[in-house]
Amino acid sequence: SSGGVLQLARGGKASGASVLGGGTETILAGGQASGTVLSGGVESDSGQASGTVVRSGGHEIVGAHGAASGSTIGSGGTEIVSSGGVAFAATVSGGGVLMVSSGGAILGGVTLRGGEAILSGAVASGQVVKFAGSAGTLELANLAGFHAKISGLTVPAEQIDLDGFGF
């Protein structure tokens, strides 16, 4: 809720929570949340989050030892994967932003449906970054850590920014 706080400690579970502006859901190590909808609120993951929907003004922050699987980042929403955190199979829609910091990782690939993925962390071989919309930007800020395949580039509005490429 707006201004509310939900904290999930080891063994704690929550399903289908709605976190509005000013609200916070904190998932500590050993805690689990599924199907959380962030509409202006913040989810801080040091445990396991699955199926989070990040709407306008919402922020999902995946910290050290945290894992977010199947997140959908919509217009105005942001997911930040900090050092030691992992995002599995995220989908970024138009106007959404996925930021993977140095030391963070992507597993299970990323689907860009018009949003932006800024990757400073590692993306291992066997992963796929898939463009699946009419636009989208993939910013590679750590070329040495990017080993994935890129697929679906079909229109000029789908772009790759080689931020980490010196020439």
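Select His65 in this predicted model; the residue sits in the loop that runs between β10 (59-62) and β11 (67-69). His65 has a relative accessible area of 70%, so it counts as exposed, the cut-off being over 50%. Check its backbone as well: the phi of His65 is near 70°, a positive value in a residue other than glycine. Most residues other than glycine have a negative phi.

Next, select Ala89. Here too phi is positive, at about 55°, although Ala89 is not a glycine. Ala89 belongs to strand β14, residues 86-93. Because its relative accessibility is 38%, Ala89 is classed as partly exposed.

Move on to Gly74, in the loop between β12 (72-73) and β13 (78-81). Is Gly74 buried or exposed? Its relative accessible area is 17%, so Gly74 is buried, the limit being under 20%. To see what surrounds it, show Val54, Ser93, Gly94, Gly95 and Gly96: Gly74 is in contact with these residues, leaving aside neighbours within four places in sequence. Then draw a C-alpha to C-alpha distance from Gly74 to Val53: the two are 7.4 Å apart in space and 21 residues apart in sequence.

Note on methods:
Residues numbered from 1 in each chain as written. Predicted model: local features only at pLDDT ≥ 70, side-chain atom pairs only at ≥ 80, totals over all residues. Heavy atoms only, no water. Helix = DSSP H or I, 4+ residues; strand = E, 2+ residues; numbered from the N terminus. Buried < 20%, exposed > 50% of the residue type's maximum accessible area, 1.4 Å probe, protein only. Contact = heavy atoms within 4.5 Å.
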